[in-house]
Amino acid sequence: MKNSGVRTMDTDIALVTDIKAGDKKALALLVERYKKLAYRTALGLVGNKDDAYDISQEAFLRVYRSAGTYDESQPFLPWFYTIIANLCRTWLKRRSRRENRMLDVDDVSYLMIDDANPEAEMIRKESIASLRRAIMNLPFEDREIIMLQHFRGMSYAEIADLLRIPRGTVMSRLYYARKKLAKLMRGSDG
Amino acid sequence: MDKHLREMLAGYVDGELSGEERQAFEKELGENAELRAELEEFKRLKEVTGMVKYADLPEEVWESYWASLYRKTERGIGWIFLSIGAIILLGFGLYQGLSGMYTDPEVPLWMKIGVSGVGIGVIFLLVSYIRERLFAYNRERYREVTR
């Protein structure tokens, strides 16, 4: 067994290789490294805290069970992100069938005013409610790109790597997603 | 608006353009009122989204995160063993119960046909369910690789 002090410096790929062999300590380290990222990603895609928590846990279980299918020549994060995104898609489809996309099931507190921002107090609660609704009414792919750029603050190069798409596609997807979001917010305000 | 301008607009709002690209975009901006209106709209949007953040979970939830996940990994293993054991016991029980029934001349024919019908139905449903699960699994793996 490797020394735990050294193991915290293991690369993601080394940890998944150990998980393939059934090493739960490697899984624990990977979980510690990415649990918040997994939760926030799922939260941005499904807009519900409880479900985002469950999805993030299920994503790590998938990593544990499917580690054998992981291609070690590829970076870990895009693979992990795809697992989370697929789980979110499935969850949203189920919810859509179950609730017929009723907005009441959304967690109204999944987006909150950033206390660190001094201008935050100037925003009316209605504007935030309108933003929440508009984001949850965006098609999945638009919500995804907005979540990555606006809320996770990722650069175009990072988004391109994560989604495995060209930089130009990131730019055009952002353009269309913003157009739709602005339109939905206008509709919601008016 | 053409595709290139749309891409440049997104890049301009996010400060992702090179110096040369930014200069070319600003030149176009001076001549294009529609582009200026969209730029303002996107800036407002960025301002609003910049003032909110995703709600975090309480620290105690994060502290117990691994313990909760660990229990789920154990439960998964438990279910696998339980399922295998149940299938073996059920299969053996059915074999013992049914093998005698088919050779027993005192069991009426309608009973044998009825039991056979139920058995065939269960097999069909089981095969259909397994096929569906395998199909879903393959599709998901495919997405993971090609995305």
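Tutor: A crossing of two helices is called right-handed if the near helix is turned clockwise from the far one by less than a right angle, and left-handed if anticlockwise. The model is predicted, with local features needing pLDDT of at least 70 and side-chain atom pairs pLDDT 80 or more, while totals for chains, interfaces and linings use all residues. Residues are numbered from 1 along each chain as its sequence is written, with chains lettered from A and ligands numbered from 1 in the order written.

In chain B, helix α1 (residues 3–13) packs against helix α3 (residues 33–50); helices are DSSP runs of H or I with at least four residues, and strands are E runs of at least two, numbered from the N terminus. Their axes, which are lines fitted to C-alpha atoms over the stretch in contact, lie 10 Å apart at an angle of about 40°. The crossing of α1(B) and α3(B) is right-handed.

From α1(B), Leu5(B), Leu9(B) and Val13(B) meet six partners' side of α3(B), including Leu35(B), Leu39(B) and Phe42(B); contact requires C-beta atoms, placed from the backbone, within 7 Å. Glu38(B), Lys43(B) and Lys46(B) in α3(B) also take part. By class, this contact has six nonpolar, no polar and three charged residues; Ala, Val, Leu, Ile, Met, Phe, Trp, Tyr, Cys and Pro count as nonpolar, Asp, Glu, Lys and Arg as charged, and the others as polar.

The contact between the chains takes 45 residues from chain A and 33 residues from chain B. The chain A side has 25 nonpolar, 12 polar and eight charged residues.

Technical notes. Axes fitted to C-alpha atoms, helices over the stretch in contact; angles between N-to-C directions. Contact = placed C-beta atoms within 7 Å.
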